Amino acid sequence: MLNLNERAQAQFEKPISELSNAEIYKVLLDLVQEKTNAMPANQGKRKLYYISAEFLIGKLLSNNLLNLGLYDEVAAELKANGTSLAEVEEAEAEPSLGNGGLGRLAACFLDSIATLGLNGDGVGLNYHFGLFRQYFENNEQSYEPDEWLDHPTWLNKSDISYQVPFGKFTLNSTLYEINVPGYNQGTINKLRLFDLDSVNPEIIEEGSIDFDKTDIKENLTLFLYPDDSDRNGNLLRIYQQYFMVSNAAQLAIQEAIERGSNIHDLADYVVIQINDTHPTFVIPELIRLLTTVHGIDFDEAVEITQNVVAFTNHTILAEALEKWPLSDIHEVVPEIAEIIVALDERVDAAFPGNAAVAIIDKRDTVHMASIAIHYGFSINGVAALHTEILKNNELNHFYEIYPEKFSNKTNGITFRRWLMASNPELSQFIDDRIGTRWHEDADLTDLLAFENDEEALLDLLRIKENNKEALADHLHRTRGIVIDRHSIIDVQIKRIHEYKRQQMLALYIIYKYHQIKAGHIPATPITIIFGGKAAPAYTIAKDIIHLILALSELIENDLDVAPYLKVVFVDNYNVSEAEYLIPAANISEQISLASKEASGTGNMKFMLNGALTIMTWDGANVEIAEHVGEENIYPFGKSSEEIVDLYANNAYDPQYYYKQERIKPLVDFIISDELAAYGIPERLHRLYKDITNKDYFMALIDLEEFIDVKEKVYSEYEDRLDWTRRSLINIANAGFFSADRTIEEYNKDIWHLEN
Ligand code: GPU
């Protein structure tokens with residue numbers, strides 16, 4: 001017995017039934033912290049440091065209770081006292097430490113690393129306000145600081161602190177830690193977040209997320225990805241990155257020495273995985289520490305570092321492959337700039353004339369991925385197709401030199417959060433049919449035996465209906481949004497970016513709107529839900545949000561259409577919103593331009609929760625299709641080879657597609673008078689011009705096929721039992737996409753941690 005009432009009395013002098021959600025949350029937070037603080041850390045000679053600019057961990061209460069085996073008991077005690085975990089969790093603030101798939105992947109990985117009993121911690125920064133809190137005003141995206149630290153958190157302040165020597169001053173760090181208990185493991189790892197005491201929220205301008213970018217001592221850990229569209233923004237990002245990795249490197253070396261390393265053998269004690277290029281400065285920083293603090297000569301320091309660092313690439317988008325002017329790095333940390341110059345000279349000597357693999361280019365720009373590939377021992381992509389594109393196209397020049405460094409690690413998701421905690425009814429359905437072994441091995445294929453079991457299918461259908469009901473209640477309670485709980489729930493949730501093609505779905509909405517106007521009424525009403533943030537400096541992405549919000553309002557006000565079609569844009573989309581949306585979805589939109597989405601992980605979460613996927617041949621969608629079979633998924637669109645060729649030959653012409661009979665009216669509608677009543681002409685005209693003249697991410701190229709496949713999907717939804725049968729097949733084949741499988745592969749091929 002946990003005796004929550006005794007704890008409530010001791011803490012608040014009241015029984016549970018008289019406490020607010022925030023008070024009950026505090027009782028449970030303290031209970032879990034007591035337990036995990038007392039648990040031993042995973043052990044092992046070699047330790048992994050997973051360094052990442054983001055950790056999108058989500059709320060932790062349910063997940064921690066689940067992993068500690070306390071979930072059912074707490075749920076029962078709360079129920080006996082007239083409340084529930086879902087209600088209590090409303091009082092928990094979601095940590096604002098991440099932004100997208102890369103950050104969520106890091107969070108799933110921490111859960112799996114702990115669950116597999118491996119010795120590995122996450123290392124990052126403790127952002128006080130995260131990216132930003134998104135809200136909508138006049139159908140536009142607006143910003144406010146996300147004040148998650150104002151609420152009780154899972155952070156433990158440690159007594160670990162390091163000095164980080166920038167060129168012009170030195171800063172002292174403070175380390176905060178969050179316990180990461182594995183599922184049924186009895187041990188913990190940690191997420192270690194560095195901060196500094198001098199950070200000052202007062203410098204943020206009232207009612208905005210703007211602040212003085214030059215005031216490093218006060219701004220360093222205020223925000224994740226501060227605007228870098230000017231030089232001061234660039235410098236701030238370099239300050240942040242160096243602060244993160246200098247702390248991480250000092251921590252890793254100190255702990256290795258404590259475990260017995262003599263530094264020469266550091267690689268036997270430490271492996272560092274860098275999550276994309278943001279932590280790449282850890283390479284010159286290790287070399288700096290080894291040479292200046294630990295007395296190792298330069299050549300050996302390079303060799304040691306090379307055996308410690310491994311790199312994961314998450315994108316082929318040029319804009320996301322980080323490059324910094326050497327002069328900026330020199331301004332922030334001259335010593336690191338000098339080491340980079342020395343590393344570049346070695347590359348030059350080894351591969352004379354091979355400009356494609358240079359670290360510093362002719363314009364004195366430093367290519368971070370080049371440092372990571374030359375001076376790390378491993379580079380991996382995040383889905384099979386993505387890794388092939390890296391090897392054959394994007395990073396081909398490196399692949400030619402170092403074929404042995406390349407490997408694929410298809411992403412995965414933790415089933416603890418994305419099924420057991422967020423969809424307890426489905427989880428119970430599975431337990432009742434195939435037992436609980438899948439909790440350990442993620443193998444759900446025994447469910448296939450129920451493919452034609454009508455009772456099971458009806459049960460599954462009922463669970464989806466319940467989750468839709470819960471979503472409808474949630475949207476109503478939190479935002480006053482009313483959706484038809486019996487409508488088809490069709491969802492696209494992810495960062496807003498042209499390559500993900502939210503604008504293509506918006507064009508389909510225009511198509512459907514006109515169809516309904518013309519009297520083609522859908523058999524079942526349709527609710528299309530978007531969620532996601534646009535980078536504040538990304539104008540077209542903000543224009544796309546505006547288009548969708550304007551369309552949503554137009555349709556809402558059109559009494560001919562509103563009963564059959566609703567468009568919802570969920571503001572401030574985050575992990576907690578995803579936990580409502582994904583279990584409720586019938587349709588998963590995975591419609592990126594082929595070759596551009598490195599993997600996707602939302603696609604896996606929808607599949608696991610029984611949504612059917614509309615997909616392009618991109619990222620991990622390709623592997624999802626292989627696992628579920630093409631009868632159980634809806635592919636469309638050009639192949640990645642075709643797209644790669646079009647770019648190589650500069651051969652895409654949006655005008656050609658724009659002029660097609662079915663497409664032109666849809667695109668023209670963006671600048672119609674009807675829509676203008678809800679829109680801002682400047683934004684809509686800019687978007688129209690972009691789509692018709694540039695359309696860099698080719699929204700028009702697949703649009704006709706997309707319309708056809710969407711019509712097919714909606715019509716096939718009408719056979720509920722067959723739809724649910726295919727939903728079951730999707731769930732049954734999701735096992736491959738468990739992050740435990742991914743982490744086992746990382747460990748076997750890259751990390752070699754014992755357990
Ligand atoms: N991704 Br690079 C991000 O979320 N942020 C980034 O800065 C970069 C990549 C995503 C990819 O877009 C997505 O395809 C992938 O599934 C995810 O990383 C995790 O690998």
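What share of the 755 residues of the protein chain count as buried? In this predicted model, the figure is 62%.

**The chain as a whole**

The protein chain is built from 33 helices and 21 strands. Its radius of gyration is 26 Å, close to the 27 Å that the globule rule gives for 755 residues, so the chain is as compact as a globular protein of that length. Along the principal axes, the C-alpha atoms fill a box of roughly 80 × 70 × 55 Å.

**Lys605**

An unreviewed UniProt entry lists Lys605 under "modified residue: N6-(pyridoxal phosphate)lysine". Lys605 lies in helix H24, which covers residues 602-608. Is Lys605 buried or exposed? With a relative accessible area of 6%, Lys605 is under the 20% cut-off and therefore counts as buried. Apart from residues up to four places away in sequence, Lys605 touches Arg104, Ile413, Trp418 and Ile582.

**Ile663**

Ile663 sits in the loop between helix H27 (654-658) and helix H28 (664-668). Its relative accessible area is 1%, so Ile663 is buried. Beyond its neighbours within four places in sequence, Ile663 is in contact with Tyr657, Tyr658, Leu700, Leu703 and Glu704. Tyr657 and Tyr658, two of these partners, fall within the range of helix H27 (654-658). Asn262 is 401 residues from Ile663 along the chain, and the C-alpha atoms of the two are separated by 67 Å.

**Two aspartates with positive phi**

Most residues other than glycine have a negative phi. Asp276 has a positive value, near 60 degrees, and the phi of Asp695 is also positive, near 45 degrees. Asp276 is placed in the loop that runs from strand S10 (270-275) to helix H10 (282-293). Asp695 is placed in the loop that links helix H30 (681-693) and helix H31 (703-716).

The table gives the relative accessible areas of the residues described above.

| Residue | Relative accessible area | State |
|---|---|---|
| Lys605 | 6% | buried |
| Ile663 | 1% | buried |
| Asp276 | 3% | buried |
| Asp695 | 2% | buried |

How values were computed: Residues are numbered from 1 along each chain as its sequence is written. This is a predicted model: local features need pLDDT of at least 70, side-chain atom pairs count only at pLDDT 80 or more; totals for chains, interfaces and linings use all residues. Side-chain values use heavy atoms; hydrogens and water are left out. UniProt positions are given in the numbering used here, feature names are shortened, and annotations may be inferred rather than shown by experiment. Helices (H or I, at least four residues) and strands (E, at least two) are DSSP runs, numbered from the N terminus. Buried means under 20% relative accessible area, exposed over 50%, partly exposed in between (1.4 Å probe, protein chains only). Contact means heavy atoms within 4.5 Å. The radius of gyration is taken over C-alpha atoms; the globule rule is 2.2 Å times the number of residues to the power 0.38.
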